[in-house]
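Colleague: I would like to learn how to read an interface between two chains. Could you take me through one?

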2 protein chains.
Amino acid sequence: MEELAVTVDTSTPAGSVALNRGEDLLGEVVLHLRGTHTDRILSSLNWLLTEACVKPSEVDVFGVVIGPGSFTGLRVGVATVKGLAFACDTPVVGVSSLETLAMGRPASAYPVCTMIDARKHEVYGAVYDCRQEVPINQVQEQVVPPRVMLEQLQGEHLFVGSGAVLYRDLILERMGDKAHFVPRAVNLPRASSAAALVLARYRVGKTCTAREIAPRYIRASEAEIMRAAKQASKTT
Amino acid sequence: MEELAVTVDTSTPAGSVALNRGEDLLGEVVLHLRGTHTDRILSSLNWLLTEACVKPSEVDVFGVVIGPGSFTGLRVGVATVKGLAFACDTPVVGVSSLETLAMGRPASAYPVCTMIDARKHEVYGAVYDCRQEVPINQVQEQVVPPRVMLEQLQGEHLFVGSGAVLYRDLILERMGDKAHFVPRAVNLPRASSAAALVLARYRVGKTCTAREIAPRYIRASEAEIMRAAKQASKTT
């Protein structure tokens, strides 16, 4: 029997949970509603596992999107998976939110520019070649103003993610007809896409423990920035 | 406020329900488990609407995938939407299962050959140009042996749907490196993709009533074939 995987994505306001038997998706719940992930992600997971008659202890690997993205969202997702994996003594695989978005667009005609809104007029961005089944990174993950992201692109690109929706006008202004978009209804990140990356890593032993897994923010959090600023002002 | 749409897809063993506010997906549940859709689709819908605090009477349009696909699946999906739309006096939009699969692959590098397993060594198939946001039909819907579907194709194609999984070896044998596939984890049809088609039709008034909506099987059902055979044997 192939491995049973549970994957959680809370990197953006659209939270999702996927249950896989190997590469086959058994179920997925996506919720993109107002409010926080805190209650919702566990109730989604509980509902999905109940429908599928699966106990957390039967799961072979827990996957989680570790960022970049919403600080609070990532902490909730990682903490939830940490708790589950610790209780069940199950390995964990963390994957990138931007690679997850790219994974959802296999066989794309254009390089895929993934953009997640990072607030403060910035995006988390990266570019992937998605012509094959697995995305190949072309421009590495960064947090920059969308203008700076666009300056690194040449030729036609497919723009996906919340940053592509938010900065659509700017993208069109700069890229003209070289910019392509997917319909908003199919533009959300998906735990099922993350699951494909999770399984690939699990199968080559690239797992970590519940204790080790941690969010990857790329940008320092507001609290860290303020602490650094305070320390800098003290030393000067 | 944009329209609220509920869309149901039970055309294959992977059933799904989507809730949209305009083009924005508020939530989606996909279940690809053993057993029938009969209980599952209403419990998925009930859970999703409860999480989103939406009453069926608030929904502006019900969408349903009318086929081609599993006869029983389609009947369950259409009957469920019929009941909801009749009770709430809400318009209905029916969309194609094959077009739904194509809608999930915008900006594809290759024409998208959608294939759904039709049993009896046949597939429901069609081909779409998916380079733009909305799929453009290139080879019309048909129920044929997969070999006959493949004979109509020239050049590279992206194969999606349950038929592409089932007949992968045959496709590779006939098409070689001109055949491209998406990872199985992201290969399922999605009510959220159907929702994009539903909304486009709702906005130009292409709706029908709860009484009018009906499955579109393409192939005659087993019962119909047997009845026709009986009548033919009587007349000869």
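Colleague: Which residue does G27(A) stand opposite in strand 3 of chain B?

Modeller: G27(A) stands opposite L31(B). This is a predicted model, where local features need pLDDT of at least 70, side-chain atom pairs count only at pLDDT 80 or more, and totals for chains, interfaces and linings use all residues. Residues are numbered from 1 along each chain as its sequence is written, chains are lettered from A and ligands numbered from 1 in the order in which they are written, and side-chain values use heavy atoms, with hydrogens and water left out.

Colleague: How many bridges join strand 3 of chain A to strand 3 of chain B?

Modeller: Two strands pair if DSSP finds at least two bridges between them; strands (E, at least two residues) are DSSP runs, numbered from the N terminus. Here there are five bridges, and the two strands run antiparallel.

Colleague: What is the area buried between chain A and chain B?

Modeller: The size of an interface is often given as the accessible area lost when the parts come together. With a 1.4 Å probe and summed over both parts, the area here is about 3,700 Å², and carbon and sulfur atoms give 54% of that. Counting contacts (heavy atoms within 4.5 Å), chain A brings 42 residues and chain B 42 residues.

Colleague: How many salt bridges are there between chain A and chain B?

Modeller: Look for a side-chain nitrogen of Lys or Arg within 4 Å of a carboxyl oxygen of Asp or Glu. The count is six, and one of these pairs is R184(B) with D24(A), at 2.9 Å from N to O.

Key
Buried area = accessible area lost by both parts, 1.4 Å probe. Helix = DSSP H or I, 4+ residues; strand = E, 2+ residues; numbered from the N terminus.
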